[in-house]
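Subject: Structure for your review

Dear colleague,

Please find the structure below, handed over for your review. My findings follow it.

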Amino acid sequence: MKAIILAAGMGDRLRPLTNNKPKCMVELFGKSIIERQIEIFRSCQIDEIIVITGYQSQLINLKNVTYYSNPKFKTTNMVETLFCAKEKLTDSVIISYGDIIFEKYILEKLIASQEDFSIVVDKNWEKYWKMRFENPLDDAESLVLDKDNFITDIGKKVENLSDICGQYIGLMKFQNLGLISLNEFYKKTKEKAKNGINPLNPDLPFERSYMTDFLRGLISENYKLKSIMIENGWLEVDTINDYNLYHKLYQNNLLSDLIKIDE
């Protein structure tokens with residue numbers, strides 16, 4: 001099993017912290033986001049770790065890590081970043097956004113899943129979103145589950161909380177037939193997009209497709225994406241408001257309501 005960390009983005013919403021460093025190198029409680037991720041991966045005996053860089057890539061220089069680069073990071077999004085390391089998409093692969101941290105129990109649940117497609121979903125998302133946003137619906141996206149906790153819809157803007165069974169946290173695992181399907185689906189949709197319409201999201205060029213667009217596309221092709229349900233235990237460091245909120249909670253000994261941090 002290997003882990004791929006998607007760390008190419010510029011992190012504009014975290015400025016000024018990202019004026020001169022990549023988002024994943026922003027420090028949170030004394031360690032960078034990416035250092036915390038790598039520690040968790042290694043604590044679960046995942047030693048093959050791939051980081052896909054882009055913005056300020058020269059500043060990401062952690063030891064015993066394999067690096068790939070997305071040279072088009074300014075004009076692409078997560079899907080294209082992932083496939084910059086397509087040769088590593090074999091066997092069993094955990095994929096993580098570069099701006100999240102998470103507790104070990106979450107990674108252990110993901111590792112234990114036997115499904116071809118496993119997607120971590122926070123069912124206690126509303127409590128967390130209300131701390132981050134005046135109106136949780138400003139940022140939340142659809143995530144609908146069937147009775148067996150397979151995802152039937154993801155990534156759309158919604159107007160009702162009833163359209164949200166949880167929130168995708170940016171952590172997933174593909175393995176076995178799932179990885180074969182992943183590669184085939186990427187090639188097929190990229191080829192179709194050459195006709196001028198992006199089959200993943202007609203409002204965007206293919207290269208700017210979101211990962212949720214890609215997951216929704218897989219669902220539309222009848223692939224079964226299993227949700228791995230959690231209740232908090234993670235943080236997304238997406239904006240300067242997030243960063244300030246977490247430090248305030250940490251200083252007031254309230255962060256444990258969301259996540260337990262190893263010092």
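This is a predicted model: local features need pLDDT of at least 70, side-chain atom pairs count only at pLDDT 80 or more; totals for chains, interfaces and linings use all residues.

Helix α4

Helix α4 covers residues 125-132, and helix α7 covers residues 240-251. Their axes come within 10 Å and cross at roughly 105°. Because angles of 65 to 115 degrees count as roughly perpendicular, α4 is described as roughly perpendicular to α7. On the α4 side, the contact is made by Tyr-128, Met-131 and Arg-132; on the α7 side, Asp-242, Leu-245, Tyr-246 and Leu-249 take part. Of the residues in this contact, 5 are nonpolar and 2 are charged, with no polar ones.

Which residues of α4 are buried? They are Trp-125, Tyr-128, Trp-129 and Arg-132. Viewed down the axis of α4, these buried residues fall within an arc of 95°, so they line one face of the helix. They pack against α7 and also against the strands β8 (117-122), β11 (167-175) and β13 (234-236).

Residue Leu-6

Leu-6 belongs to strand β1, which spans residues 2-7. Its relative accessible area is 4%; since buried means under 20%, Leu-6 counts as buried. Beyond its neighbours within four places in sequence, Leu-6 is in contact with Ile-52, Met-78, Thr-81, Leu-82, Ile-95, Ser-96, Tyr-97, Gly-98 and Met-211.

Yours sincerely

Note on methods
Residues are numbered from 1 along each chain as its sequence is written. Side-chain values use heavy atoms; hydrogens and water are left out. Axes are lines fitted to C-alpha atoms, for helices over the stretch in contact, and angles run from 0 to 180 degrees between N-to-C directions. Helices (H or I, at least four residues) and strands (E, at least two) are DSSP runs, numbered from the N terminus. Angles under 35 degrees count as roughly parallel, over 145 as roughly antiparallel, 65 to 115 as roughly perpendicular and the rest as oblique. Contact means heavy atoms within 4.5 Å. Ala, Val, Leu, Ile, Met, Phe, Trp, Tyr, Cys and Pro count as nonpolar, Asp, Glu, Lys and Arg as charged, and the others, Gly among them, as polar. Buried means under 20% relative accessible area, exposed over 50%, partly exposed in between (1.4 Å probe, protein chains only). The arc is that of the directions from the helix axis to the C-beta atoms.
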